[in-house]
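The following explanation moves from a single helix to its surroundings and then to the chain as a whole.

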Amino acid sequence: MEQTTMIHLDGIHKTYQGAQPLHVLKGISLDIKKGEFVSIMGASGSGKSTLLNILGILDNYDEGEYLLNGVLIKNLSETKAADYRNRMIGFIFQSFNLIPFKNAMENVALPLYYQGVSRRKRNALALEYLERLGLKEWAHHLPSELSGGQKQRVAIARAIIAHPQIILADEPTGALDSKTSEEVMQLLRDLNEKKGMTIVVVTHESGVAYRTHKVIHIKDGIIGKIEENKTMEGQPYLK
Amino acid sequence: MFDDLGEIWTHLKLNKLRTALTGLSVSVGIFLLITLLGSGNGLINAFKANRGGMAMDVVKVYPGITDEAYGGWEKGREIQLDNRDIRMASGQFSDRVTEAAGQISLSGGTMSYGDRSFSASLGGYYPANEHINKLKIIYGRYINNKDMEERRKVIVLSEKTAKQFFSIVSDAIGKSLRVDGNVYVVVGIFSDEGRFGGMEGHIPFTTLQLIYKTGQKVDQLTLQTRNISDAASDSIFQRDFKKAEAGLHSFSPTDEGAIWMFNTAVGEEETDKAMGYLNTALWVIGLLTLLSGVVGISNIMLITVKERTHEFGIRKALGARSWSILRSVLLESVIITAISGYIGLVCGILMTEYLNATAGQETMTIADQTMYTFLNPTVNMTVAIEALFVLIVAGLVAGFFPAWKAVRVKPIEALNAH
């Protein structure tokens, strides 16, 4: 596979304004290539979540440059930002963030709704993705009727249904036990290896980080060492 | 669009009680609006019906009392109209007065036929009175010019009066009736519809002046007019006419009290204006009531939006545009307002129909005259459509600020809200 740059960060700064301004990102420069499976690891307060929010166009940055698949992401209009999120990015959250009054199928189909895909078509596609993730018989259940692992698989289906360029996962196993954590990480690894999906995982957990190909350490708003993790030798989850 | 409605429906079902309670305030608002407007219409319709028949191109002139001393006369002098006024009106004002008629009314006369005898009022009238007071002749004819010229002793009775003497009203025609010792031939019967008072008979004006020796005196002048149906030309006519009268009766041209004039056309205009004010006042009260309902909806929508902030964050992360969220909140607001408003509208219309069936059928009888207190207290289609339009605007207004608030939140803040 040709290794083109998917994410290019150059000198990203971010300060939260407030009574006491908080300089969270102090010049992040980073390249992530297409098809990479990387993790950004750091302690709480290191700025890793802020970085992920910027990568996901959920938050803006003050200084620097962010190119996503060659597109400059800066000072976008609300509409443009929404469209980029819709077509280029798939999110996986720690707390799943499924809409509670919609069943699994409707949740999965939601990104397509915002693309204007007809209900019949998007529901059919959602069912297909749920089946792939082994959740076909749960398609008409509400999130409250699903286990944590099932919820996260629904969220994964939702993240990939619109064929995004990258998947951003924020502590994807944070609310799961070690067995389901393993399953979820395996799913992500399959997506990366079989579908060539670029995946960025943010975590504080080394057990998660060392299941990715590359571990980027972040500390106090700057990037520390970057480890290649060719062997994918898993460490135990710290549960 | 269908998808949006589905979403909103799901969401409304989640908060059934809240939705119902919020909607109730709008229902009550519209209900009151319709009931008020209906009741207002009831009053207006009743008033119009009671005002009954009077020709629209008529100016009435009544004598008054002088307000100013003039030409050697003290103030406080009673003005007496007479035949000169009639001649003056038709001669000097022929451009605006097509016909001038005088009238004299006498009450307490005795009317008898055979062995029956009743007290009745007697009036001396011009033939024009038939048109001026919109009399409906049911048998025979009214006073004509020949009666006037020859001072004939003919009489036209009201239907009610004729009934006192003749079991079949039409039998009265051609019979001789005695009034205060003089015999008159009955030549016509007019309907009592829209008339006040008891028994009455009309005789030619000239006949009355002769028989009762009232000389040249006239009680009241009635002018059939043209080209003075608006307030401006009416005030010019009144000024001109009063000036002429002042010369005739030696009172000050600036005297306001010496004679009184009333233009039915301008009076109608005034009444319509008053009715318009009433209608506006009812709209204002109704709309203010509705406004409190709208504020309620706006309030609830604000709470809803606050509760759904996290959900909006998820949607934004998945690619929802601002417009999509704005639209869903606005639509939800419009749907609550429209549905509950429609319920209020239907209840309001049922209420006006109920009023129509009860109070609307009641009449008051004053001196044999049927008076409506409340006639057809309903609203028409236009008002219903206006109310519906008001509702949709109200829904948009109620939803706008909450929706705007939902849109303004940054996606990351919305996602972190719980």
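Against which strands and which helix of chain B do the buried residues of H3(B) pack? In this predicted model, the partners are strand S2 (81-82), strand S3 (97-113), strand S10 (217-218), strand S11 (220-225) and helix H8 (231-249) of chain B. The residues concerned are B:Asp85, B:Ile86 and B:Ala89, the buried residues of helix H3 (residues 83-92) of chain B. Because they cover an arc of only 100° around the axis, they are placed on the same side of H3(B). The face turned away from that buried side carries B:Arg87 and B:Gly91, both of which are exposed.

B:Ser250 is found in the loop between H8 and strand S12 (259-263) of chain B, and its phi is near 55°, a positive value in a residue other than glycine. B:Ser250 is partly exposed, because 14 other C-beta atoms lie within 10 Å, a count between the limits of 12 or fewer for exposed and 20 or more for buried.

A further positive phi, near 45°, belongs to B:Asp180, likewise a residue other than glycine. B:Asp180 lies in the loop between strand S7 (176-179) and strand S8 (182-190) of chain B. With 14 other C-beta atoms within 10 Å, B:Asp180 is partly exposed.

Of the 418 residues in chain B, 37% are buried. Among contacts in chain B between residues at least 6 apart in sequence, 80% link residues at least 24 apart.

How values were computed:
Residues numbered from 1 in each chain as written. Chains lettered and ligands numbered in written order. Predicted model: local features only at pLDDT ≥ 70, side-chain atom pairs only at ≥ 80, totals over all residues. Helix = DSSP H or I, 4+ residues; strand = E, 2+ residues; numbered from the N terminus. Arc of directions from axis to C-beta. Contact = placed C-beta atoms within 7 Å.
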